[in-house]
Amino acid sequence: MAAEIVNPRSDSEAGAEQGEGAEPLDSFDPAFALHRGGKMAVQATVPVRDKDDLSLAYTPGVAKVCSAIAEQPDLVHDYTWKSSVVAVVTDGTAVLGLGDIGPEASLPVMEGKAILFKQFGGVDAVPIALNCTDADEIVETVVRLAPSFGGVNLEDISAPRCFEIERKLQERLDIPVFHDDQHGTAVVTLAALRNAARLSGRTLGELRAVISGAGAAGVAIAKMLVEAGIGDVAVADRKGVVSADRDDLTPVKKELASFTNKAGLSGPLEAALAGADVFIGVSGGTVPEPAVASMAEGAFVFAMANPNPEVHPEVAHKYAAVVATGRSDFPNQINNVLAFPGIFAGALQVRASRITEGMKLAAAEALASVVGDDLAADYVIPSPFDERVAPAVTAAVAAAARAEGVARR
């Protein structure tokens with residue numbers, strides 16, 4: 001699959017679709033011009049120039065390969081694209097900051113995700129937008145599609161269904177299943193936090209973090225920080241800190257309360273921030289400046305909501321030693337593209353049966369290590385265009401898969 005911009009339709013065709021005499025949308029906005037016709041195309045990897053090529057690529061030559069795979073199913077990994085292609089699956093219920101916009105409207109994002117897989121990890125990917133939102137229906141659909149793919153990247157599926165869907169697919173499939181909104185965000189956040197701690201001469205174990213948002217990203221970040229050895233982490237939702245004494249918690253939040261908030265905090269986010277070393281925002285909204293000012297000296301503010309960070313960098317820099325956002329126009333962008341292409345490339349390289357916690361931790365460590373001796377307050381995480389990123393993550397994930405016994409080659 002080629003990660004290339006294609007433009008198969010003429011302006012006259014576009015005008016007819018929008019109504020005679022109507023100005024094409026791309027006359028006003030370059031985003032529409034770039035997206036016209038979609039951002040992807042399928043490209044053959046073998047020539048079909050004459051009848052001899054045709055007889056090898058298709059019938060009768062293809063029958064030999066099919067028969068061999070029927071007799072030895074594992075040959076599918078060697079003689080088809082299966083081991084190098086990922087399904088990017090969504091139901092369109094939690095698309096970027098747009099919310100539940102449906103499967104068709106999600107396709108531009110899924111195409112974008114697919115070309116990022118190719119551009120940054122050399123992994124082919126196919127966008128699949130499903131016209132259903134029931135968790136079991138999504139699971140059944142993906143299970144039936146799975147023979148065509150080497151991995152499944154779940155994308156933009158709303159919480160809490162995303163947790164159930166990922167868990168059930170992991171139980172039923174023997175290929176990597178990865179919900180990027182959860183784990184990709186967590187990997188990059190942990191990498192940046194490791195480097196921020198190193199810059200300040202501290203360890204993760206010396207830090208107390210507060211996460212704003214108990215959705216997919218917030219829960220995954222909390223789990224990964226605990227796994228990595230954070231001193232303490234509390235997570236706040238709209239009603240305040242997620243704590244075991246609350247009687248309104250979902251099953252996911254009850255589990256979250258069981259391994260976070262060792263300090264026993266309660267009440268609003270602002271109260272939890274007093275004396276905290278780290279703020280991680282994955283919820284949107286605005287954190288009042290006095291709450292940021294109440295954090296510990298030398299604090300880190302990772303305000304990752306897009307397009308409007310929970311704490312604007314101008315405000316955060318008044319009080320924080322390190323500031324990160326989800327935006328590309330500020331330093332230290334926490335961007336999932338730093339993680340998911342290399343994670344899948346490494347998993348596919350060794351034909352891993354799943355993506356383990358150890359593989360994710362290895363990805364975070366590798367990503368952090370790319371910064372090396374160039375570490376600075378405005379450089380705790382590398383750029384997505386740093387050509388060292390994907391190879392480092394790929395190698396670390398592949399090695400971790402072998403070490404954890406999930407690699408099959």
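What follows is a short chat about a sheet and one aspartate in a predicted model.

Q: What is the strand order of the open sheet, and is the pairing parallel or antiparallel?
A: The open sheet has four strands in the order β2-β1-β3-β4, and their pairing is parallel; strands are DSSP runs (E, at least two residues) and helices likewise (H or I, at least four), numbered from the N terminus, and two strands pair if DSSP finds at least two bridges between them.

Q: And why is one side of β2 and β4 left without a neighbour?
A: β2 (124-129) and β4 (177-179) stand at the edges with a single partner strand each, so one side of each has no neighbour in the sheet.

Q: Which strands does helix α8 touch?
A: Helix α8 (residues 161-172) packs on the sheet against β3 and β4, with its direction at about 170° to that of β4; contact means heavy atoms within 4.5 Å, and angles run from 0 to 180 degrees between N-to-C directions of axes fitted to C-alpha atoms, for helices over the stretch in contact.

Q: Changing topic, where does D181 sit?
A: D181 lies in helix α9 (residues 180-199), and beyond its neighbours within four places in sequence D181 is in contact with residues including E155, D156 and N336.

Q: What lies 2.6 Å from a polar atom of its side chain?
A: That is the backbone nitrogen of D156.

Key
Residues are numbered from 1 along each chain as its sequence is written. This is a predicted model: local features need pLDDT of at least 70, side-chain atom pairs count only at pLDDT 80 or more; totals for chains, interfaces and linings use all residues. Side-chain values use heavy atoms; hydrogens and water are left out. A polar contact is a pair of N or O atoms within 3.5 Å; within protein, one must be able to donate a hydrogen and the other to accept it, and residues adjacent in sequence count only if both atoms are side-chain atoms.
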